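Colleague: Can you take me through this one? I would like the layout, then the packing, then a few single residues.

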Amino acid sequence: MPSASKRSLSKAALIAAVLAVGLSACATQKPTSSGFLSAPAALTAPASITTRYRAAMIETVEYRPSGRVPAKAGEADIAVLRAAYYEALVDAFGERMAITQTPGPDVLRVRAAITGYTLANPTWNAAAMLAPIGPRNGGVATEAEIVDSVTGAPLAQQSLAFNAGFFNSKLTTMFARTAHAKAGFKKHAQALAAQAPAIEAKR
């Protein structure tokens with residue numbers, strides 16, 4: 001008969017396995033090509049960018065479904081997601097430069113769109129904690145670019161996808177419908193801000 005310590009270890013191993021399988025369940029979002037971005041051939045070569053930008057102008061985030069989205073996309077959910085991505089962009093660029101609403105020769109314009117999203121299912125995920133079934137996690141697909149606010153010349157762009165899983169999400173985020181999507185927006189915003197051309201130090 002197994003000892004109490006061995007039974008405890010087996011139970012702990014089983015719980016860990018269930019959690020690993022559960023949290024690794026993905027929303028299967030993939031990078032998209034919706035036509036939102038400028039033609040790649042129009043991108044300005046980094047070596048050709050001589051302007052030292054001092055500020056960024058963040059445009060209202062668009063919703064342009066091209067990847068996976070719910071069969072019945074709720075307008076309220078879309079509004080929440082658009083606002084969350086906008087805030088993530090303001091935060092990411094705000095760490096590097098001033099944020100403005102006025103274009104200028106030393107101002108970047110940031111364009112972004114949500115092209116796919118999946119929301120977590122808290123009720124299902126609560127049940128998944130008690131049974132060996134995969135949860136329903138969230139994720140997002142976005143497209144975004146940085147352009148010169150005066151000329152409109154594209155300076156950098158990206159098309160990314162984020163799927164919540166065991167290695168990139170906290171356990172508690174399984175129980176909030178938009179938490180995974182918001183985590184994806186933060187990562188995507190930071191990735192775009194990191195591509196910003198040479199800038200003046202933020203004062």
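Colleague: How many helices and strands are there in the protein chain?

Modeller: The protein chain has 4 helices and 6 strands. These are DSSP runs, with helices being H or I of at least four residues and strands E of at least two, numbered from the N terminus. This is a predicted model, where local features need pLDDT of at least 70 and side-chain atom pairs count only at pLDDT 80 or more, while totals for chains, interfaces and linings use all residues. Residues are numbered from 1 along each chain as its sequence is written, and side-chain values use heavy atoms, with hydrogens and water left out.

Colleague: In what order do the elements run from the N terminus on?

Modeller: The order is α-β-β-α-β-β-α-β-β-α.

Colleague: What share of the residues counts as buried?

Modeller: Of the 203 residues in the protein chain, 40% are buried. Buried means under 20% relative accessible area, exposed over 50%, and partly exposed in between, using a 1.4 Å probe and protein chains only.

Colleague: And what percentage of contacts join residues at least 24 apart?

Modeller: It is 80%, taken among contacts between residues at least 6 apart in sequence. Contact means heavy atoms within 4.5 Å.

Colleague: On to the core. Which residues have the most contacts inside the largest nonpolar core?

Modeller: Tyr85, Leu89, Phe93, Leu108, Ile146 and Phe185 do, in a core of 33 residues. At least two core residues come from each of strand S1 (55-58), H2, strand S4 (107-118), strand S5 (139-148), strand S6 (154-163) and helix H4 (179-193). H2 gives the most, with 8 residues. A nonpolar core here is a set of buried Ala, Val, Leu, Ile, Met, Phe, Trp, Tyr and Cys residues joined through side-chain atoms within 4.5 Å.

Colleague: What does Leu89 touch?

Modeller: Leaving out residues up to four places away in sequence, Leu89 touches Ile58, Val61, Gly94, Val110, Ala112, Ala189 and Leu192.

Colleague: What is the span of H2?

Modeller: H2 has 20 residues and reaches 28 Å from its first C-alpha to its last, close to the 28 Å expected at 1.5 Å a residue. The expected span is 1.5 Å times one less than the number of residues. The buried residues of H2 include Asp77, Ile78 and Leu81. What its buried residues pack against is S1, strand S2 (62-63), strand S3 (98-99), S4, S5 and H4.

Colleague: How do H2 and H4 cross?

Modeller: Their axes come within 8 Å and cross at roughly 35°. Axes are lines fitted to C-alpha atoms, for helices over the stretch in contact, and angles run from 0 to 180 degrees between N-to-C directions. By class, the contact has 13 nonpolar, 2 polar and 2 charged residues. Ala, Val, Leu, Ile, Met, Phe, Trp, Tyr, Cys and Pro count as nonpolar, Asp, Glu, Lys and Arg as charged, and the others, Gly among them, as polar.

Colleague: What covers the buried residues of H4?

Modeller: The cover includes H2, S4, S5 and S6. Among the buried residues of H4 are Phe185, His188 and Leu192.

Colleague: Now single residues. Is Asp77 buried or exposed?

Modeller: Asp77 is buried, at a relative accessible area of 18%. Asp77 sits in helix H2 (residues 75-94) and touches Tyr117, Leu119 and Arg177, not counting residues up to four places away in sequence.

Colleague: What about Arg82: where does it lie?

Modeller: Arg82 is in helix H2, and is partly exposed with a relative accessible area of 31%. Beyond its neighbours within four places in sequence, Arg82 contacts Thr60, Val61, Glu62, Tyr63 and Ile114.

Colleague: Where does Thr178 lie?

Modeller: Thr178 is in the loop between S6 and H4. Thr178 is buried, with a relative accessible area of 15%. Apart from residues up to four places away in sequence, Thr178 touches Val80, Leu81 and Leu119.

Colleague: Last one, which residues does Ala156 touch?

Modeller: Ala156, in strand S6, touches Leu43, Ala144, Glu145, Ile146 and Gln195, not counting residues up to four places away in sequence. Ala156 is buried, with a relative accessible area of 6%.
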